[in-house]
Amino acid sequence: MRPGSGDVDYTLTGWKGGWTDAKSSEANLESIMLKPLIEKPGKGFWLAAAVLACIFLWGLSAWAWQVKNGLKVTGLNVPVFWGIYLVNFVFFIGISHAGTLISSILRITETEWRRPFTRAAEAITVFSLPFGASSVIVDLGRPERLLNVLLYPHFTSPILWDVVCISTYLVTSCLYFYLALIPDIALCRDRLSTVVHPARVFIYRKLALGWTGTKAQWKMLHKILGGMSVFLFCLVISVHTNVSFVFGLTTKPGWHTAVIGPYFVVGAIYSGVATVIVAMLAIRRFFRLHAYLTDDHFDRIGKFLLALCCFWFYFTFLEFITTFYGRETAHMAVFNAKFFGEYAWLFWTMFACCFLIPLPVLAIKPLRTVRNLAWVCIVINIGMWLERYSIIVPSGARPYLSWGMSHYTPSWVEWSITAAWFAGFALLFLLFTRLLPILTVWEVKEQELSH
Amino acid sequence: MEPENRRNLLKRLAAFAGGLLVFVPRAFASDGSEGEIVQARGKHRWGMVIDLDRCTGCQSCVVACSVENNQMLGSPEEAAMGRVIRWLKILPRTEGEGSHVRQSLIPMPCQQCEDPPCTRVCPTSATFMNTEGIVGQVYDRCIGCRYCVNACPYTCKFFNWGEPQWPAEANQSFNPDVSVRYKGVVEKCLFCHQRLQRARDKAREEGREIQERDYVPACKAACPAQAIAFGDLNNPESEVSRLADSHRAYRFLEELGTKPKVIYLREG
C-alpha cells in the first residue's frame, strides 16, 4: 500500500514479534475493527455513558454555582491562591502529550509497535486538551473577561504564551487526528454504507473528503503526517514548558527552578503514556482485540514507560537535591513541608505511586504482565495528579513572608468540577469508540502487508 | 519549490526574524504598560519610609487605610479563611531564640516595587506601573487569574473571593473618590492615588507645581507616632530621601531585586 513500506528495517526498532494471528487477512481485520461501529451497544455501555453524563452535568452545575457566588465557594484562600483547578490544568494538558508523543515521535522513528496505539493516543490528546484549557477558565475570577487576554495582550505574561501555545496545539492536534482518520473514515463509508443509518453514512462521506486510496493520495498523506509529526514534537516541548513557566518564572519558593520545564515535560509524557495503556487495555478487553493488541505490544510500551519512570525520578532528584543543598530559608520551608511536615503524607504517597511501586513492576520481567500493567498505570496517574498538587499547593502555603499559616482543603465545588472533567473526558472517549475505528486500521494493515 | 519562491520565502522569514529581534526586547523592557507611557518617566518618584522605632503597632494606619479606600468589612468566616482584604496589614515577626525572643509588628502596604514582579506576569496589563512609580490596578480589565497575587513575594495583593457585603448605611460612608470593587478582581494599595489626583488638581487651580505636603496618604495622616514619612524619592532634599539614606534603612526581600519604594528603618 505505502510505496516502499516493506523496506523498513525492523531490526532498528527491535521488532521481532509479528502478529500472533498470522492468518488474519485484511478482510478479517476490517470486520473486527468495524464491529464496534455496527453492533448495538449493550446495557453496560449505556449505563456507563449515563453515569458519566450525570457526573459531568453535576460538575457543570457546580461551576454555575461558582460563577454566581465567586471563588469563595472554593477552599482557596490567602496565601493558597491556586488549587486543584490548576492541578487539573497541568494534569490534562500533561496526558494530552502522550497522544502526540506516541503517534508523532514514534511515527517519525518508524517504531513498529506504535501502530495499534496511535489512534487512541491521538484521541486522548484531542479529548483531554479542552478539559485542560477549560480548567484555567474555571479558575478565573471573571471568566467572562477571558477575551481580555487577546484584546489587551501583555507580551511578557507567561499566561499569554500559554494561550498562544495551547490553542496552536489544539488546532494542530485536531488536524493531525483528523488527517490520520481520513483513510479509516473512507473505509467506514465504503463498508458500512448498507448497515448504519444513512445520516451517518452521509457524515462519513463528507468527512472522507473523497478519499479513494490512490498512490498520490497516500503519498500526500504520508508527507503531511510526517511533516506535522515534527511540528507537533516541537509543540509538545513548548506547550508543557510554557505550562511550567506559569509557575517557574515567578520567584515563589519551590517553583523558581530551571529544571521545572523538562521536569514538567517528562511528567506529562509519563502520565500520558500510562493513560494510553489503560485506555488500550480497556479497549482490548471490551472489543476482544487480542490479535492486534498483543501482550508483546504491551510489554514494549511497558519498557518505554519504565524509561520515563526513571527519567521522572532523575528530575525529581535534581529538583530536591538543589533545594536541599542550597539551604535557602524560604525554599527549605517548602522542602520541609513536603518531606516531613504538613504535606508529607501527600508527597510520599505521590513518590510511592510515581516511582517506588511502578519501578519494580515495570523493571522485573516476570512482574511486567498485562494485568500488572493495568493497575500500575492507574497508580501512576493517581501519583502524577498528586505530583502536580504537591508542586502547586505547598509552595502557595509557604510564601516568603509568613502571615500565619493557612490550610487549603478543596471544597465540594472543586471536587465536583474535577470529577466532572474526568467524567467528560471518559465520556468523549467512550462515544468515540462507537463512532470511528479505535485502532488505526490502515497503519495496522501496512504492518500486516509488510510481513 | 521554485528557487524564486524559495528566495522570497527566505527573505520574508529573515524580515520576520528581524522584526522579532526588534520587538521582543522592547516588550520585555516595558514596565507593564504601553511602552511610550513608561519611557516618559514622571518627575516624581513617590516613596514611603516607615520608622519601626516609632511605630507602636496601634493599627491606626490599617483602619485609616480601610476607610479611605472603601475596603470590605469582612465577616468572621472570611477572616478565618484569611479572605479579609486589608491593603495595609501588620506583619508579625518573631526574631531570636530562647530568652532573646523579640516580637515586632511591621506595617506592610504594597511595597511599590521599582521592578514589580506582579506587573510582568499580568496577561492583560490590568496591573501596571504609572509614570510616577505607583503600581496601579485596572479593576475593569482584570480577569481574576491571580497570577500577580502569586508572583508578589510580599503577599500584598488581594483577591475578591466573593461579592463584598455592605450594610445599607455604608452607602453614605463610602469615599466617593475610590471605586468600590466587586467579586473576582484583584486589588491592592495604590498609595492613596486619589489623594495625588486631588493634590494635582488643587495645584493646577492655584497655578503652581505640586508639592510634597499636598499629597499625604491616609496611613501617614493617621499615624499618631509619626512613624510614616512620605514624599518624592527623586528630590534629594525630601524627608523620605534623607531617611532612605539612613544607616537604619532596609527594604524587604531586597535579594529578590524588586527594589521596593517602601523603606523600613530598623528598630534602634
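## Two helix pairs in chain A

In this predicted model, the axes of helix α5 (residues 118–139) of chain A and helix α16 of chain A come within 10 Å of each other and cross at roughly 155°. Because angles over 145 degrees count as roughly antiparallel, α5(A) and α16(A) are described as roughly antiparallel to each other. The crossing of α5(A) and α16(A) is right-handed. On the side of α5(A), the residues that make the contact include R119(A), A123(A), F127(A), F131(A) and V138(A), while those of α16(A) include I417(A), W421(A), G424(A), L428(A) and F432(A).

A second pair in chain A is formed by helix α4 (residues 84–108) and helix α15 (residues 370–397), which pack at an angle of about 135° with their axes 9 Å apart. That angle makes α4(A) oblique to α15(A), and the crossing of α4(A) and α15(A) is right-handed. Among the residues in this contact are I84(A), V87(A), V90(A), F91(A) and I95(A) of α4(A), together with N381(A), W385(A), R388(A) and Y389(A) of α15(A).

## Two buried residues in helices of chain A

Helix α16 of chain A, which spans residues 412–435, also holds S416(A). Is S416(A) buried or exposed? With a relative accessible area of 8%, S416(A) is buried, because a residue counts as buried when this value is under 20%. The side chains of S416(A) and W58(A) are joined by a polar contact of 3.0 Å. If residues up to four places away in sequence are not counted, S416(A) touches W58(A), G59(A) and A62(A).

Another residue to look for is I182(A), whose place is in helix α7 (residues 158–191) of chain A. The relative accessible area of I182(A) is 6%, and I182(A) is therefore buried. Although I182(A) and L207(A) are 25 residues apart in sequence, they are 7.2 Å apart in space, C-alpha to C-alpha. Leaving aside neighbours within four places in sequence, I182(A) is in contact with L207(A), A208(A), L209(A) and W211(A).

## A four-stranded sheet in chain B

Turning to chain B, one can find an open sheet of four strands, whose order is β8-β1-β10-β9 and whose pairing is mixed. Which strands of chain B are the edge strands? They are β8 (228–232) and β9 (249–250), each of which pairs on one side only. In general, the strands of a sheet pair through backbone hydrogen bonds, and they may do so in either a parallel or an antiparallel way. Strand β1 (residues 46–51) of chain B and strand β10 (residues 262–265) of chain B pair in the parallel sense over four bridges, whereas β9(B) and β10(B) pair in the antiparallel sense over two bridges.

Individual bridge partners can be followed along β10(B). There, I263(B) is the bridge partner of V49(B), and L265(B) is the bridge partner of D51(B). L265(B) is also the bridge partner of A249(B).

## Backbone details in the loops

What is the form of the peptide bond from V78(A) to P79(A)? This bond is cis, with omega near 5°, and P79(A) lies in the loop between α3 (43–69) and α4 of chain A.

Two residues of chain B show a positive phi. C192(B), although not a glycine, has a positive phi of about 45°, and C192(B) is found in the loop between β7 (186–188) and α8 (193–205) of chain B. At 7% relative accessibility, C192(B) counts as buried. K259(B), likewise a residue other than glycine, has a positive phi near 50°, and its place is in the loop between β9 and β10 of chain B.

Note on methods. Residues numbered from 1 in each chain as written. Chains lettered and ligands numbered in written order. Predicted model: local features only at pLDDT ≥ 70, side-chain atom pairs only at ≥ 80, totals over all residues. Heavy atoms only, no water. Pairing = 2+ DSSP bridges. Buried < 20%, exposed > 50% of the residue type's maximum accessible area, 1.4 Å probe, protein only. Polar contact = N/O pair within 3.5 Å; in protein donor to acceptor, adjacent residues only side chain to side chain. Contact = heavy atoms within 4.5 Å. Axes fitted to C-alpha atoms, helices over the stretch in contact; angles between N-to-C directions. Parallel < 35°, antiparallel > 145°, perpendicular 65-115°, else oblique. Left-handed = near helix turned anticlockwise from the far one by under 90°.
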